[in-house]
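Here is a short briefing to keep beside the viewer while you look around. It starts with confidence, then turns to overall shape and helix packing.

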Amino acid sequence: MSSPAVPHPHAGAAAAAPAMPVAKFLATYVFSRDHKVIGLQFLFSTLLWFIVGGLLALAVRWQLAFPWQGMPIVGRLLFSAEGNQISPEFYTMLFTMHATVMIFFVIIPILAGAFGNFLIPLMIGADDMAFPTLNMLSYWVMWPAFVLMTISFFVPGGASAAGWTGYPPLSVTHGAAPASHAGQTLWVLALVFVGISSMMGSVNYMTTIIQMRAPGMTMFRLPMTIWGMFITAVLQAFALPVLTAALFMQLLDRTVRTGFFIPEGLVINNEGVAAGGGQPLLWQHLFWFYSHPAVYIMILPAMGMVSDIISCFARKPLFGYKPMVYSICGIAGLGFIVWGHHMFMSGMNPALGAMFMVSTIMIALPSAVRHSTGWPRCGAARSSSRRPCCLPCPSYRCSSSVGCPGFSWRPRRSTFSSTIPISSWRTSTMCCSAAPPSACSAASISGFPRCSAA
Amino acid sequence: MNKFWCLLFLAVPVLGVAAFAWAPGAGYWLPRDISDHGWQIDHLFYFVLTLTGAVFVATELALFWFAWKYDGRTNTQPVRFTHGSHDVEVLWTLAPAATLVFIAIYQMNAWADVKMRQPDVPVLAEVTARQFEWRIRYPGADGRFDTLDDVHVVNDLHVPVDRDILITLKSQDVLHSFFLPNLRIKQDAVPGMKIPVWFRARDVGEFDLVCAELCGWGHYKMKGRLTVQSASAFEQWLAETAAAQEATQEPEVEESE
């Protein structure tokens, strides 16, 4: 539980604060190579962005609740010219940036960056990460992304408004969207930095978990949290390069007018677009090839934590540990061949759609094994918990079986969700089921050390 | 666990089922289906909703019951350790697997009807999406596109009832999605592609044609109207529109290409 090289941050601060020289302070708390400090840095940075993303969502909600009515205070500051109203241009920016911030700056870095860094060495009995310097860099490479994304709010035209999926031609062609000038370019660049950071992190997590486990800590004795982190790291390492490559292609399309995603003969605002010969569906394939596994990147670590916390407070070993491990490995493997279910109505070949439908149904199986089975059975043990850290877990289970994974969702999605008008329902269900894992993670900070010691 | 929390968790399945019971009567449900194939989609929806609803309620009740019964403060029995049961694990892997295989095969036909079995009829109209309107072109009296008598309308799609309708879908600028909720039809319009869309309407009336893919700031107002009418009324409308277009000596909408 302790790290001999660097004192615990709180203990260190109390003991050495008066006499600590600046250089030592920087090395300990700012450019630290200690996994716990880096974990906390990730945690507080992402919580800060959590507030930003939440405020953006509140503005979206304001418009939905009171359409075309002026916003009380913020409206006067930001859009007094439009009678304090949220304009359609601003609204598209709001939901685009809400999703971007929540996905790329909150959920992924808080689970992998904050909890991964803090917990992996502690829970496998390692001194620190395998590559401490790389670990430090993985945090500091997030900062260019933070800065670029912040700047993008203030450039002419505002931040990206092409949806978090950034579908071309809307995102690529200038003039198609109000923010399609600097804002979208900054968005692409920021995501490239996020990708590099995640890449560094995932290499570190995989190496640490494979190489640095304490004697006796075999792979099949790892806590489920660590299994979740491990599979997340594998997914990131293999799926992210595709997104990064696609982002570079979009960047080239935007800046030097290559035509990867722009077809011949496009007319935007009654003006022809010079580039051509590309295919908009190519972006969708590349994007979802990453962003579908990213769904698991966002949920597997939280699932692992829920498994551990429930079994800890129920005072029972996890019911069916091995099937659970196999099921998340199955989710990870199948997760690479289901991306097309985001594209059923996109215009890709319907025969391909049928194939993705079947693979999507297949991935429901490990998800169902994971959800409907292990956790409630485990809860069958004596549940002694009155501690607040345990409460989010059953609530997570409730919401996740309502919404996102496994049996309750896959089949519904595969054939017809795109044909019937439930897309906003689907989006909000997804957000509702994505929120509890994060809330669960945040709320169980205090519970975790005890849990891992138990 | 505290009884209060147990009851709160019990509220999830109870309120969940209540919401589904209340929604259809309150108008928050599927729009009226006027298509020939739509019942298959709706049927699949209800089938899977029932199946997953039952699984959902069962697991939620189990969760509630375990939390309620095995309260650590009142339950004095010592903790017993179990390390799983092979039979149970095999059972609850095979049961969902069988169900999922069934669903995978069962839904293929609906998919094929909507996206793969294109009817062998001439194209009725060409719909070109652009920011933020639907431009619709009928072939006119000679039955051929790209001739002088093509009939152009904007946001006003007319189709005859009880006939296989084939539409070619194009986009001029960004991605759009051609969505007819009452016909259970949705298809993205992709620039650079010509995508066929087909359906068969059973009832006459006016229905929504909306865009279902974020296409820019005006996405929210990209709405058209679908008018399903009898064959004779359709022919009459087409002739009148063509005559009105002829009278102005120039196409009602200029081709921008």
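Chain B of this predicted model has a mean pLDDT of 87, with 93% of its residues at 70 or more. Chain A averages 78, and 76% of its residues score at least 70. For the model as a whole, the scores are ipTM 0.89 and pTM 0.85.

- Within chain B, the lowest confidence falls in helix α3 (residues 86–106) of chain B, with a mean of 82.
- At the other end of the range for chain B is strand β4 (residues 156–160) of chain B, which has the highest confidence, at 96.
- In chain A, which averages a pLDDT of 78, residues 11–16 have a pLDDT below 50, and this stretch makes four contacts in the model beyond near neighbours in sequence.
- Residues 398–454 of chain A also stay under 50 in pLDDT, and here the model has 134 contacts beyond four places in sequence.

**Overall shape of chain B**

- Chain B is built with five helices and 10 strands.
- Its C-alpha atoms fill a box of roughly 90 × 35 × 35 Å along the principal axes.
- The radius of gyration of chain B is 26 Å, whereas a compact globule of 257 residues would have one near 18 Å.

**Helix packing in chain B**

- Helix α2 (residues 38–69) of chain B packs with α3(B) at an angle of about 170°, and their axes are 12 Å apart.
- Since angles over 145 degrees count as roughly antiparallel, α2(B) and α3(B) are therefore roughly antiparallel to each other.
- On the α2(B) side, B:His43, B:Leu44, B:Phe47 and B:Leu51 take part, and they meet B:Thr99, B:Phe102, B:Ile103 and B:Tyr106 of α3(B).
- Sorted by class, this contact of α2(B) with α3(B) has six nonpolar and two polar residues, and no charged ones.

**Helix packing in chain A**

- The crossing of α3(A) past α5(A) is left-handed.
- In the contact of α3(A) with α5(A) there are 26 nonpolar residues, along with nine polar and one charged.

Definitions and conventions: Residues are numbered from 1 along each chain as its sequence is written. Chains are lettered from A and ligands numbered from 1 in the order in which they are written. This is a predicted model: local features need pLDDT of at least 70, side-chain atom pairs count only at pLDDT 80 or more; totals for chains, interfaces and linings use all residues. Side-chain values use heavy atoms; hydrogens and water are left out. A crossing is left-handed if the near helix is turned anticlockwise from the far one by less than a right angle, and right-handed if clockwise. Helices (H or I, at least four residues) and strands (E, at least two) are DSSP runs, numbered from the N terminus. Ala, Val, Leu, Ile, Met, Phe, Trp, Tyr, Cys and Pro count as nonpolar, Asp, Glu, Lys and Arg as charged, and the others, Gly among them, as polar. pLDDT is the predictor's confidence in each residue, from 0 to 100. Axes are lines fitted to C-alpha atoms, for helices over the stretch in contact, and angles run from 0 to 180 degrees between N-to-C directions. Angles under 35 degrees count as roughly parallel, over 145 as roughly antiparallel, 65 to 115 as roughly perpendicular and the rest as oblique. Contact means heavy atoms within 4.5 Å. The radius of gyration is taken over C-alpha atoms; the globule rule is 2.2 Å times the number of residues to the power 0.38.
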